[in-house]
Amino acid sequence: MKERITQLLEDKKLAELREELQKINPADLAILLEDMDEKERLLVYRLLPKELAADTFAFMESDMQEGLINGFTDRELREVLEQTFVDDAVDMIEEMPANVINRILRSTDRETRDAINQILNYPKDSAGSIMTIEYVKLSRYLTVADAISRIRRVGTDKETIYTCYVTEYRKLIGMVTVKDLLLAEDDELVEDIMETNVITVNTHDDKEDVAKQMSKYDFMAMPVVDDEGRLVGIVTFDDAIDVLEEETTEDFSKLAAMSPNEDSYFKTSVPIHAKNRIGWLLVLMLSATLSGSVLRHYEAAFQAIPLLVSFIPMLMGIGGNCGSQTSTLVIRGLALDEIHIGDFFRIIWKELRIALIVSVVLAIVNGIRIQLTYHDMTISLIVALSMVGIVILGKLVGGMLPIVAKSLKLDPALMATPLITTILDTCSILIYFGIATHFLALT
């Protein structure tokens, strides 16, 4: 398809090109336009029908949108904005420079401009900042037939019509789906079939919590109310998916000991990449000097049994790996609300039992291997006992630190692999040489 579009563009067969473009999904069209230069992109975009053009525009990256806006006439910009949902317009504006924002706001009608400003006034990470005000409202006293007629009349301009909200004096009193309406008798009243036990979120609730609730209840839309219970908007599932993707990306960055970055990998400059990574690397590097200090403290043990040194990498590695396994599971549980701060001691008890099983198996295997290789029972016991202590400590630390971070209002993802590994490296050496020096004193 891409080759055909390119060929038609080169041959200037614009009528055929327009027909081919109408067969492509808006999301795929946005990707197709991304590979074109600005002149070609503007030409192809102008060939699209109004609705398809607006849908495609919503899927574009902000830099592409800005480039097209700069090439639009005022009439073209108005046509795009007329077909764009308010929440998509807000997302677009948040990424634009001031001069482009002013032009966008000048091209919208007063009602849309007021709606955009209303949403922009909510805190950045709140439900209000991602909601749309384009939803279907119904009266409780409407008949089913009248309700369906209203949906047909106003639904064209709404982002979703599947779920309709029943309000009275702007307060949300119920909800009804189009499926409910279609299956009901024409003369039934909306209040007789509506669901009155409606789950809502507040305008100032965290947007990540809203997305999680939508996932939990399998909602296509979540109603947003103000402090007085008045319906002010809805969060649709596409916006919830964007929030979850954004939060997952942020957590991945923190798990890898990097500062989160909103831009994609290739759109982020080399200096910004370096800045996002170097801070944590410096912290981890300096904290790792503790391991060196501990090693210097046990130089006498090295000299007495040089073979002890060869097992340090294995023991440090197993401690970090055990801690990382547990912390990953706990962080995931916290993110999905499967684990809460009050589960602290349950986690410790569970991880302690897991650690006992894992450590005993690893200790036995290593003890036998060392005995067969070096025929030294003392070394075998030292390594085996150290393995038990290090695995237990690793599992406990990996389970505790994310919970502690959560209780301190910090992101649990901060307690991720690099930090836990650095902590456990030092602790592993202390356990290993503490046991070794004890055995050496006995012998």
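Two strands count as paired if DSSP finds at least two bridges between them. Helices (H or I, at least four residues) and strands (E, at least two) are DSSP runs, numbered from the N terminus.

This is a predicted model, in which local features need pLDDT of at least 70, side-chain atom pairs count only at pLDDT 80 or more, and totals for chains, interfaces and linings use all residues. Residues are numbered from 1 along each chain as its sequence is written, and side-chain values use heavy atoms, with hydrogens and water left out.

The pairing of E2 with E3 is antiparallel. Within it, tyrosine 165 has methionine 175 of E3 as its bridge partner, and cysteine 164 stands opposite valine 176 in E3. Two residues lie between the strands in the hairpin of E2 and E3, where tyrosine 169 takes a positive phi near 55°.

Three strands also form an open sheet in the order E4-E5-E6, and here too the pairing is mixed. Strand E4 (201–202) and strand E6 (231–236) each have a single partner strand, so one side of each is left without a neighbour in the sheet. E5 and E6 run antiparallel, and methionine 222 stands opposite valine 235 in E6. Helix H15 (residues 207–217) packs on this sheet, touching E4, E5 and E6; contact means heavy atoms within 4.5 Å. The direction of H15 makes about 135° with that of E5, where angles run from 0 to 180 degrees between N-to-C directions, and axes are lines fitted to C-alpha atoms, for helices over the stretch in contact.

| Strand pair | Residues | Bridges |
|---|---|---|
| E2 and E3 | 163–168 and 171–177 | six bridges |
| E5 and E6 | 221–225 (E5) | five bridges |

**Helices**

The axes of helix H8 (residues 86–94) and helix H10 (residues 110–120) come within 10 Å and cross at roughly 65°. Among the residues that meet are Val90 and Ile93 in H8, and Ile116 and Ile119 in H10.

Helix H22 covers residues 377–407; at 1.5 Å a residue, its 31 residues should span 45 Å, which agrees with the 45 Å between its end C-alpha atoms. The expected span is 1.5 Å times one less than the number of residues. At the start of H22, a side-chain oxygen of aspartate 376 comes within 3.0 Å of the backbone nitrogen of threonine 378. Lysine 409, which follows H22, has a positive phi near 65°.

How values were computed
Polar contact = N/O pair within 3.5 Å; in protein donor to acceptor, adjacent residues only side chain to side chain.
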